[in-house]
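Dear colleague,

Please find below the structure that I am handing over to you. My notes on what was found in it follow.

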Amino acid sequence: MESKTICIVAPSLQGGGIERALTTLSSHFVKRGHKVIYIACRAGKHFYELDSNVVFREPSFVHTASSHHKLLNYYKTIKFVRKQLKEFKPDTILSFGDIINPLALLANRGLGYPIYISDRISPKQNLGRFKNFMKKITYRKATGIIAQTEQAAEYKRKVFGDDINLRVIPNSLRDVEVFPDVDKKNQVIGVGRLSFEKGFDRLIEAFAQVQGYEDWNLVLVGDGPVRSQLEVQAEQLGMSRRVVFLGMRKDVDQLLAESKIFVIPSRCEGFPNALCEAMASPLPCIAFDGVPTENLITDHEDGLVLKDGDIEGLSDAMEQLMNDEDLRDALSRKAISIRQRLDEEKIGDEFLDFIL
């Protein structure tokens, strides 16, 4: 394939699912011989590392959280992105994120470069009137739209019409390190941002209901706005010693390998990256059916899938897996096939096929 110039418009290079996905795609595009420019819309501490061949740009101004400055931040971001597009004259643009996509589309206005966008949150998640309005007036200007799941694709067609150029491409699976000789601990693990939609309060509630397994702990990896509330909840349930908050960690693969059960208790998800990585570890995984699990996890085949919000069912499922090592092993052996289905090169090439 002839070498092309690809501009990637991202929220930042800080920790997050979008950044993880875009840094992975950046590396793949470079390996395929393309020139890649990673444009971060927000400056800040870098959590992920880019391939050394990727050109990186981020603004010099600092975003402020106050609502008074939001419109100014948006204007400055659009101006910054537009400057990069004019400099690099890309053959194609790839933008991720419900907030970033409208800004990238506005930055590209009048320049006419092909631009492909993808939302990364669940269609169930309400962004508010202003952000929904911005999407409504800009999204149809996109050359193409990428949905992570069939559920998300159906929503996009309903909102923007059947004539949009739409393709379903799941996230690729990053290279999850395996630790075959690690000593397993009696622990259930959850990984993700500690925010309301991730549902870790449901996991803590269910874990507290498990009877007879006081030698098991619940480990939560991640940080976020409801951490203090979750810590209070654990204390009120008498579980403060058995619910461990580790914060942001870079050794997630080892923490997964040390665990025996993984739970994703989310109320809504765009694409369950943490679930896929746990399956690849491999671990027996439990998910609610409110999470988009099509083509990822099948109940009682490579994991357990419960009715959304069934706290008692989640407690029973954890207890069942705690008590049955053979079932844990059987589910894990099937779960690891996620590595082939979401192979990094396979998914990366699907993106290139669409955006080029």
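Pro 282 is situated in the loop that runs between H9 and strand S12 (285–288); helices (H or I, at least four residues) and strands (E, at least two) are DSSP runs, numbered from the N terminus. The peptide bond joining Ser 281 to Pro 282 is cis, with omega at about -5°. Most peptide bonds are trans, and most residues other than glycine have a negative phi.

Please note that this is a predicted model, in which local features need pLDDT of at least 70, side-chain atom pairs count only at pLDDT 80 or more, and totals for chains, interfaces and linings use all residues. Residues are numbered from 1 along each chain as its sequence is written, and side-chain values use heavy atoms, with hydrogens and water left out.

**Helix H9**

Is H9 enclosed or open? Eight of its eight residues are buried, so H9 is largely enclosed by the rest of the structure. Buried means under 20% relative accessible area, exposed over 50%, and partly exposed in between (1.4 Å probe, protein chains only). Among the buried residues of H9 are Leu 275, Cys 276, Glu 277 and Met 279.

Asn 273 belongs to this helix, which covers residues 273–280. Asn 273 counts as buried because its relative accessibility is 16%. Its side chain makes a polar contact with the side chain of Arg 20, at 3.2 Å. A polar contact is a pair of N or O atoms within 3.5 Å; within protein, one must be able to donate a hydrogen and the other to accept it, and residues adjacent in sequence count only if both atoms are side-chain atoms. Leaving aside residues up to four places away in sequence, Asn 273 touches Gly 17, Arg 20 and Asn 171, where contact means heavy atoms within 4.5 Å.

**Two residues with positive phi**

Lys 89 has a phi near 45°, a positive value in a residue other than glycine. Lys 89 lies in the loop between helix H2 (70–88) and strand S4 (92–96), and is exposed, with a relative accessible area of 54%. His 300 also has a positive phi, near 60°. This residue lies in the loop between S12 and strand S13 (304–306), and His 300 is exposed, with a relative accessible area of 54%.

**The whole protein**

The protein has 13 helices and 13 strands. Of its 356 residues, 53% are buried. Its C-alpha atoms fill a box of roughly 65 × 45 × 40 Å, taken along the principal axes.

Yours sincerely
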